[in-house]
Amino acid sequence: MPATKTIAIIGATGSMGSAIAKSLSGSSNRVLLFARDIEKLTSLLEEIKEVHPNGDVEIIGCPTDACWEADIIIPAVPFGAENEVAEKIRTVATGKIVISISNPLNDAYNGLVTTPDTSAAEELQKLLPYSKVIKAFNTSFAASFTNPVIDGKIANVFIAGNDEESLETVSELVKISGFNPIIAGGLPVSRTLENMQLLLISLGRKYNYNGLAGWKILHN
């Protein structure tokens with residue numbers, strides 16, 4: 001990454017939030033953590049500091065304050081909670097990169113609650129019209145962050161968005177996390193990416209992958 005960035009993770013104690021926080025905390029970037037459960041958040045920070053004692057990581061008590069300081073914002077919350085988060089951060093997210101990691105799954109995990117003509121990322125862009133929403137990490141399981149090498153191959157993370165510079169910035173974050181970034185296209189490609197994870201979840205439940213599965217493009 002060309003310069004040190006400040007990254008705010010909202011919902012840092014969830015499975016994906018904590019996985020991303022741990023993977024980014026070993027870099028030169030500053031990582032700000034927010035979650036409602038302060039006890040879990042403190043435990044997460046202690047766990048990160050054990051592995052990365054020199055990491056620039058801290059707890060912030062308010063999502064608005066965290067995002068005000070951040071260059072990159074990651075709402076690591078379920079799709080249904082994004083509206084509430086967007087309301088809290090809208091005024092401080094102007095011009096900033098917001099990474100959409102959510103998949104709009106139904107309660108049975110066998111379908112999406114969004115219509116075919118939109119995606120969670122596109123809906124987040126509507127909620128944050130002056131931010132640069134980028135889709136990333138949604139095709140990865142939290143367990144894969146511990147070891148993104150699956151069957152001897154580095155798993156891909158697909159990225160979609162409309163701002164070229166932001167796509168490159170997020171690609172660097174993906175590399176820091178240990179994955180191989182692939183820029184898949186504009187933000188509407190998120191519809192395909194969210195369906196890809198729906199398929200991977202379905203296959204994981206059928207074949208007991210236990211979260212240790214990912215996508216890989218094979219080519220010459």
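Me: Where does Asn208 lie relative to helix H7?
Reply: Helices are DSSP runs of H or I with at least four residues, and strands are runs of E with at least two, both numbered from the N terminus. In this predicted model, where local features need pLDDT of at least 70, side-chain atom pairs count only at pLDDT 80 or more and totals for chains, interfaces and linings use all residues, Asn208 belongs to the segment after helix H7 (190-207). Residues are numbered from 1 along each chain as its sequence is written, and side-chain values use heavy atoms, with hydrogens and water left out.

Me: What is the phi of Asn208, and is Asn208 buried or exposed?
Reply: A residue is called buried under 20% relative accessible area, exposed over 50% and partly exposed in between, with a 1.4 Å probe and protein chains only. Asn208 is not a glycine, yet its phi is positive, at about 55°, and with a relative accessible area of 57% Asn208 is exposed.

Me: Which values describe Asn210 in the segment after H7?
Reply: Asn210, which also lies in the segment after H7, has a positive phi near 55° in a residue other than glycine, and its relative accessibility of 66% makes Asn210 count as exposed.

Me: Which way do the residues of strand E5 point?
Reply: In E5 (residues 97-100), Ile97 and Ile99 point one way, whereas Val98 and Ser100 point the other way, and all are buried.

Me: How many bridges join strand E4 to E5?
Reply: Two strands are taken to pair if DSSP finds at least two bridges between them. Here E4 (residues 72-75) and E5 run parallel and are joined by 2 bridges, and the partner of Ile72 in E5 is Ile97.

Me: How many helices and strands does the chain have, and why is it called as compact as a globular protein of that length?
Reply: The chain has 7 helices and 10 strands. Its radius of gyration is 16 Å, close to the 17 Å from the globule rule for 220 residues, and it is therefore as compact as a globular protein of that length; the radius is taken over C-alpha atoms, and the rule is 2.2 Å times the number of residues to the power 0.38. Along the principal axes, the C-alpha atoms fill a box of roughly 40 × 35 × 35 Å.

Me: What share of the residues is buried, and what share of the contacts joins residues 24 or more positions apart?
Reply: Of the 220 residues in the chain, 49% are buried. A contact means heavy atoms within 4.5 Å, and among contacts with a separation of 6 or more, residues 24 or more positions apart account for 74%.
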